[in-house]
Amino acid sequence: MADFDTRIRFLENTQVMEADFSDFTFDSSATVNRFYDRIEERIRATGEDLWFFLVNLNGTRIDSTAWIAYANRGKALNLAHSMGSVRFDASPETAAQIRRAAQTEAFDPNLFTNRTEA
């Protein structure tokens, strides 16, 4: 859990919870559940139920066996505790996807290439 704790930060002055998934591999549903359980425990420990979420996805990998758990836990966490979420990923693939999607209905305004813009 200590390794997860270094990846979860609370910026109380702006009511932001930052989840750093950078260079992390969600290799199983069990890993997803342990990480998200720890996020929920840390949120409860703050005494505040609602936070803005800032999520670093740079270099994140999600194995196919973990994808459903990752999607479900992320959605549930957002519904229960998020006042809004932004994500960022500095990879060239993400930058290219943002450029392609910017002029379409599929554009996701909550995905950025860096933390400052997010």
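**Chatting about Phe21 and its surroundings**

Me: Hi! I'm looking at Phe21. Which residues does it touch, leaving out those up to four places away in sequence?

Reply: Hi! Keep in mind that this is a predicted model. Leaving out those sequence neighbours, Phe21 touches Arg7, Phe26, Phe35, Tyr36, Ile39, Val55, Asn56, Leu57, Asn58, Thr60 and Tyr70.

Me: Okay, and which residues touch the most other members of the largest nonpolar core?

Reply: Phe21 is on that list, along with Met17, Phe26, Phe35 and Ile39. The core has 21 residues.

Me: Which elements supply at least two residues each?

Reply: Those are strand E1 (8-11), strand E2 (16-20), helix H2 (29-46), strand E4 (51-56) and helix H3 (67-81). H2 gives the largest share, five residues.

Me: Let's switch to rings. How many aromatic pairs are there?

Reply: The structure holds 13 of them. One is Phe21 with Tyr36: the ring centres are 6.0 Å apart and the planes sit at 55°.

Me: Why is that pair called tilted?

Reply: Planes under 30 degrees apart would be stacked and over 60 edge-to-face, with the rest tilted. The angle here is 55°, so the pair of Phe21 and Tyr36 is tilted.

Me: Where do the two residues lie?

Reply: Phe21 is in the loop between E2 and strand E3 (25-26), while Tyr36 is in helix H2, so their pair ties together parts that are 15 residues apart in sequence.

Me: Are they buried or exposed?

Reply: Phe21 and Tyr36 are both buried. For Tyr36, relative accessibility is 5%, and the cut-off for buried is under 20%.

Me: What about Tyr36 and Tyr70?

Reply: Their ring centres are 6.2 Å apart with the planes at 80°, so that pair is edge-to-face. Tyr36 in helix H2 and Tyr70 in helix H3 are 34 residues apart, so to speak a link between distant parts of the chain. Tyr70 counts as buried at 12% relative accessibility.

Me: Which residues form the aromatic cluster?

Reply: Phe4, Phe21, Phe24, Phe26, Phe35, Tyr36, Trp67 and Tyr70 form one cluster.

Me: New topic: what volume does the largest pocket have?

Reply: About 350 Å³. It is lined by 20 residues, and the closest to its centre are Tyr36, Tyr70, Gly74, Asn78 and Arg87.

How values were computed: Residues numbered from 1 in each chain as written. Predicted model: local features only at pLDDT ≥ 70, side-chain atom pairs only at ≥ 80, totals over all residues. Heavy atoms only, no water. Core = buried A, V, L, I, M, F, W, Y, C linked by side-chain atoms within 4.5 Å. Buried < 20%, exposed > 50% of the residue type's maximum accessible area, 1.4 Å probe, protein only. Helix = DSSP H or I, 4+ residues; strand = E, 2+ residues; numbered from the N terminus. Contact = heavy atoms within 4.5 Å. 1 Å grid on protein atoms, 1.4 Å probe; cavity = no way out; pocket = protein on both sides within 12 Å on 5 of 7 lines; lining within 4 Å. Points joined across faces, edges and corners; volume = space filled by probe spheres on them. Phe/Tyr/Trp six-rings, centres within 6.5 Å; stacked < 30°, edge-to-face > 60°.
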